[in-house]
Amino acid sequence: MAGHGHGAPGFGGMEAAAWLLAALFVVYTIAAVASGEKYRKWPVRRYLFWYAGLASAAAALLGPIGELAHSNFKAHMAGHLLLGMLAPLLLLYAKPATLLLRALSVPSARKLTRVLKSRPLRVASHPAAAALLNVGGLYALYLTGLFEAMHDSVWLYAFVHLHVFLAGYLFTMSIIYVDVATHRYGFILRSAVLVLALAGHKILAKLIYADPPAGVARADGEAGALLMYYGGDAVDLALIIILCYQWYRSAAPRKELQPDLLK
């Protein structure tokens, strides 16, 4: 990745990211333990999902992958798969919104619920809008000068990575309803959006393979594009399986009732 080793934010911003992840680790743990004193004990598996999700985000931003990402496009892509796909899925299964509602006082929880039901969040949480923010953001990153520019600006670098994570989380949340969801959409719509989003992701990988972003050597760009094309398959498959299983479970009770109705 020519020219991106200089001024690349291997900077104090990474220290801020480390502190933020540590804070999320501590706050979630305290909230889960405290809520268990008022309600049913918080399941251990949710602690594990939260910690695994934070570890995935940490691997993307810190350590060898985070450092190498400034000069190696394949490492950069590995970080984005961890930050924008795997971490959101793991964190979602930790049910942070459910935990937050449990931990807050009743008046505060009601205020939060009103915010979650607001029109802006209704629009943003629509599967199509979430997919546009997620996949469309990646097209903007790799097919414009944004990718090269972010390596020369600490704030832009941080913003891009924050967007990758939040857009990935919003998209995952809009496809599989695991945590609190005030606006729910049908399985056919979500399935169609998921298929189109996966196709858009694959097409972008092919475009990057054919024409890497400015400043990225062709061999490095091709390696990163291949990782983007195949590397997210495991998470994509997990989303497909979860959505199909949820669809099956929602339809199963009706199917079981049909024989009785025919008698």
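# Notebook: cavities, pocket and ring pairs

The model is predicted, so I took local features at pLDDT of at least 70 and side-chain atom pairs only at pLDDT 80 or more, while totals for chains, interfaces and linings use all residues. Residues are numbered from 1 along each chain as its sequence is written, and side-chain values use heavy atoms, with hydrogens and water left out.

**Cavities**

I noted the rule for the search: on a 1 Å grid over the protein atoms alone, a cavity is a set of points where a 1.4 Å probe fits but cannot get out, and a pocket is an open set with protein on both sides within 12 Å along at least five of seven lines. Lining residues have an atom within 4 Å of a point. Grid points are joined across faces, edges and corners, and a volume is the space filled by probe spheres set on the points.

I counted two cavities of 30 Å³ or more. The largest cavity has 21 lining residues, and Gly84, Met85, Asn134, Leu138 and His201 lie nearest its centre. I then asked which elements each supply at least two residues of this lining. They are α4, α8 (127–143), α10, α11 (187–210) and α13 (233–262). Helices here are DSSP runs (H or I, at least four residues), as strands are (E, at least two), numbered from the N terminus. α4 gives the largest share of the lining of the largest cavity, six residues. By class I found 14 nonpolar, six polar and one charged. For the classes, Ala, Val, Leu, Ile, Met, Phe, Trp, Tyr, Cys and Pro count as nonpolar, Asp, Glu, Lys and Arg as charged, and the others, Gly among them, as polar.

The second largest cavity has a volume of about 40 Å³. I listed its lining as Ala60, Ala69, His76, Gly79, His80, Tyr157 and His161. Two or more of these residues come from each of α4 and α10, and α4 has the largest share with three. The lining of the second largest cavity splits into three nonpolar, four polar and no charged residues.

**Largest pocket**

I read about 1,400 Å³ of space in the largest pocket. It is lined by 46 residues, with Leu24, Trp50, Phe165, Leu166 and Tyr169 closest to its centre. The elements that give two or more residues to this lining are α1, α2, α4 (73–92), α5 (96–103), α6 (106–116), α7 (119–124) and α10 (154–175). α10 supplies the largest share, 13 residues. The lining of the largest pocket holds 39 nonpolar, six polar and one charged.

**Rings**

I found 11 aromatic pairs in the structure. Rings of Phe, Tyr and Trp (its six-membered ring) pair if their centres lie within 6.5 Å; planes under 30 degrees apart count as stacked, over 60 as edge-to-face and the rest as tilted. Phe25 and Tyr51 are stacked, 4.4 Å centre to centre with 25° between the planes. Phe25 is in helix α1 (residues 12–38) and Tyr51 in helix α2 (residues 44–61), so this pair ties together parts 26 residues apart in sequence. Phe25 is partly exposed at a relative accessible area of 39%, and Tyr51 is partly exposed at 23%. My cut-offs: buried is under 20% relative accessible area, exposed over 50%, partly exposed in between (1.4 Å probe, protein chains only).

Tyr28 and Tyr47 pair edge-to-face, 6.3 Å centre to centre with 85° between the planes. This pair also links α1, through Tyr28, with α2, through Tyr47, at 19 residues apart. Tyr28 is buried at 4%, and Tyr47 is buried at 16%. I traced ring pairs that link Phe25, Tyr28, Tyr47, Trp50 and Tyr51 into a cluster.

I also checked for charges over rings (NZ of Lys or CZ of Arg within 6 Å of the ring centre and within 35 degrees of the ring normal). Arg46 lies over the face of Trp42, 4.6 Å from the ring centre. The charged end of Arg190 is over the ring of Phe187, 4.3 Å from its centre.

Among the buried residues of α2 I noted Arg46, Trp50 and Leu61. Gly63, which follows α2, has a positive phi near 70°.

Lys95 is not a glycine, yet its phi is positive at about 55°. I placed Lys95 in the loop between α4 and α5, where it is partly exposed at 21% relative accessibility.
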